[in-house]
Amino acid sequence: MHLHTLGFCFSVLLLLQIVVGQADYGTALTKSILYYEAQRSGKLPTTQRVTWRGDSGLKDGSDAGLDLTGGYYDAGDNVKFGFPMAFTITMLSWSVVEYASELEAKNELSNALDAIKWGTDYLLKAHVHSETDGTDTLYGQVGEAQPDHNCWERPEDMDTPRNAYMISAEHPGADLAGETSAAFAAASIVFKTSDPSYSAELLKRATQLYNFARNNHGLYHLSIPGADQFYPSSGFEDELSWAASWLYRATEEQTYLGFLLSVETGWIHHTFCWDNKFTGVQVLMAKLVLEGKVKDSDKAQVYKSNAEDFVCAVIQKGNDNIQMSGGGSLYWQPWNNVQYITAGLFIITVYSDYLRSANSNLNCQNDEATPDELNDFVKSQVDYILGSNPIKMSYMVGMGSNYPQNVHHRGASIVSIKTDSTPVTCKGGYDIWFNKDAPNPNVLEGGLVSSNLQDTYEDSRSNFQQAEPATANTAPLVGVLARLA
């Protein structure tokens with residue numbers, strides 16, 4: 001992904017919905033989970049449904065003497081970035097934790113579990129814990145970011161270096177370790193019933209990485225060359241709290257809650273994304289307050305207050321609301337704006353359910369909102385994404401009859417290796433495919449592209465600000481769509 005992932009969050013008349021027929025949330029849900037199969041690295045299973053993809057990255061980890069095959073490419077390129085990948089798995093897991101029955105009702109639960117396990121299987125291989133001396137290493141990137149970025153090749157053809165980079169006590173990265181711990185802890189809840197032994201292993205690894213992160217502070221991108229150009233971290237404090245939140249939810253061990261009640265809670269954040277998890281922590285703590293589990297704690301009340309400040313700002317009932325386009329879409333910033341929309345909508349969706357369970361409403365500075373009103377807001381934003389917008393285009397690839405044909409994605413934009421096995425070279429891919437004035441030969445179903453403040457979209461592969469889908473974009477929407485469907 002480009003520098004468009006940078007940027008932090010910065011309002012609208014909730015536009016009257018132009019009803020063009022009920023959005024098909026079930027189909028959108030199916031495509032959202034299918035998208036992850038197009039992003040797979042490694043040896044593809046016989047159950048692979050995205051058939052234009054082939055095996056790739058089969059020697060990943062060989063330079064480190066490890067098997068680091070598998071996992072996901074982050075976006076339209078061929079690098080495996082561990083930081084956004086772990087966040088993706090945490091959010092897919094949170095979607096299942098909250099909405100397993102809704103996913104089951106749409107026959108998508110097993111597919112969602114497969115998507116999570118493809119990620120956790122890789123992350124387990126990327127984490128090496130020594131039982132002898134208790135040391136940990138965690139591989140946080142496979143591939144050279146800049147050389148890969150300078151090429152336009154299918155994953156199946158890539159010939160750029162596939163070096164593996166790790167964090168350790170000597171080269172710390174509490175943010176990466178904390179996010180991976182959160183992913184393991186959240187996924188351990190997901191698999192607790194269907195695969196108890198796998199769940200137990202995930203929980204054990206989550207604990208090990210949490211302790212590693214607590215004891216080895218530092219920013220991972222200072223330890224992994226090139227990561228700062230693509231997924232730089234703004235700090236590790238949020239990931240430590242995020243990991244503790246999920247470990248507490250998985251275990252109910254008081255040590256994790258104690259940590260959360262001991263750290264600074266006074267931050268108000270109007271963004272939730274792969275780099276900033278404070279809002280997620282605040283919502284999970286607010287759930288405990290609403291359930292009466294930490295009702296006597298002033299600090300827990302601050303978490304709840306900050307969580308509600310975020311929700312109020314998004315639904316346009318706060319003092320400092322998120323900007324909105326004239327056509328009615330939330331807007332944070334020009335680069336990959338949809339990732340902030342989907343993550344924000346997920347927060348509102350789960351919080352509306354937490355409020356409903358507590359027979360409570362949301363009290364904002366200027367108004368109050370019922371859980372149903374929160375859901376109506378979420379629905380209006382999802383409908384915009386799926387085509388109820390000024391240009392009548394679906395921002396989800398493959399959804400409806402009018403969607404982007406030229407997304408910025410190497411695999412989708414080059415003919416399948418199964419159709420034409422002629423190798424595509426690094427620069428030849430630009431000449432033959434990137435600059436080709438024709439729709440992508442492969443449809444990246446479920447990939448999400450971004451609207452802008454003007455409610456316009458330029459359908460061009462070179463429009464990487466808007467046109468590059470990413471795994472972190474779609475993960476939060478899985479839960480939202482499951483709830484709506």
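**Note on domain contact and aromatic pairs**

1. Between domain 1 and domain 2 there are 2 salt bridges, a salt bridge being a side-chain nitrogen of Lys or Arg within 4 Å of a carboxyl oxygen of Asp or Glu. Glu179 forms a salt bridge with Lys277, with 2.9 Å between the closest N and O atoms.

2. The model is predicted: local features need pLDDT of at least 70, side-chain atom pairs count only at pLDDT 80 or more, and totals for chains, interfaces and linings use all residues. Residues are numbered from 1 along each chain as its sequence is written, and side-chain values use heavy atoms, with hydrogens and water left out.

3. The domain assignment gives domain 1 as 41-263 and domain 2 as 265-409 + 444-484; such bounds come from an automatic or database domain assignment. The C-alpha centres of domain 1 and domain 2 are 23 Å apart. Domain 1 brings 40 residues to the contact and domain 2 brings 41 residues, where contact means heavy atoms within 4.5 Å.

4. About 3500 Å² is buried between domain 1 and domain 2, with 70% of that area from carbon and sulfur atoms. Buried area here is the accessible area (1.4 Å probe) that two parts lose on being put together, summed over both.

5. The count of aromatic pairs is 25. Rings of Phe, Tyr and Trp (its six-membered ring) pair if their centres lie within 6.5 Å; planes under 30 degrees apart count as stacked, over 60 as edge-to-face and the rest as tilted. Phe83 and Tyr220 make a tilted pair, at 4.9 Å centre to centre and 45° between the planes. Phe83 is in helix α2 (residues 82-105) and Tyr220 in the loop between α6 (196-215) and α7 (237-251), so the pair ties together parts 137 residues apart in sequence. Helices (H or I, at least four residues) and strands (E, at least two) are DSSP runs, numbered from the N terminus.

6. Phe83 is buried at 0% relative accessibility, and Tyr220 is buried at 2%. Buried means under 20% relative accessible area, exposed over 50%, partly exposed in between (1.4 Å probe, protein chains only). Both residues belong to one aromatic cluster of Phe81, Phe83, Tyr220, Phe230, Tyr231 and Trp274.

7. The charged end of Lys117 sits over the ring of Tyr198, 4.8 Å from its centre. For Lys287 and the ring of Tyr354, the distance is 5.6 Å. A charge sits over a ring if NZ of Lys or CZ of Arg is within 6 Å of the ring centre and within 35 degrees of the ring normal.
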